[in-house]
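Subject: Structure handover

Hello,

Here is the structure I said I would pass on. My notes on it follow below.

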Amino acid sequence: YQAYDHYDQVKRGEVPLEGGWRVYSSGPGIAVRLIMHCFLGLQLENDALVMDPCIPLELDGLTAMVNLGGWNMEVIYQTGKTGRGPVMVELNGVALEFERQTNRYRLAGVRIPMATWNHHLQESHNRLVVSLE
């Protein structure tokens, strides 16, 4: 009901959208969240990019073309032995420093400060290589 009541705000661009869809309880919104956040492990926060992918080993070399915060990005996953837990993240050939999150069951995802992230973005083409444990 809230989405219906405030749809005029969506049309005016006053409601942030994710992948073209607002993440409500709609099918497309759920699909975007599952693919972007749970599978590819990409989540933009105010102060950081959080990365915590879960990629099957059979998909080593998976390449995804995504838009992160208005930047077109080619994301390449190297699954390693587990397909989880980034051990290295490179943006445009530069290894980025990150902060490891916590997870008591497996090697956790990472947080990359937005200042670090923004410093290495390029206007034309951005390539993110994520090496997993």
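The largest nonpolar core holds 24 residues, and those with the most contacts inside it are Leu42, Met51, Val66, Met73, Trp117 and Leu128. A nonpolar core here is a set of buried Ala, Val, Leu, Ile, Met, Phe, Trp, Tyr and Cys residues joined through side-chain atoms within 4.5 Å; buried means under 20% relative accessible area, exposed over 50%, and partly exposed in between (1.4 Å probe, protein chains only). Among the elements giving two or more residues to this core are helix 3 (27-39), strand 2, strand 8 and strand 9 (126-132). Helices (H or I, at least four residues) and strands (E, at least two) are DSSP runs, numbered from the N terminus.

This is a predicted model: local features need pLDDT of at least 70 and side-chain atom pairs pLDDT 80 or more, while totals for chains, interfaces and linings use all residues. Residues are numbered from 1 along each chain as its sequence is written, and side-chain values use heavy atoms, with hydrogens and water left out.

Strand 2 (residues 48-51) has Ala48 and Val50 pointing one way and Leu49 and Met51 the other, all of them buried. Strand 2 pairs antiparallel with strand 1 (residues 42-44) over 3 bridges and with strand 8 (residues 110-113) over 4 bridges; pairing requires at least two DSSP bridges between the strands. In the latter pair, Met51 stands opposite Val110.

Strand 9 pairs with strand 4 in the parallel sense over 6 bridges, and 5 bridges join strand 9 to strand 5, running antiparallel.

Regards
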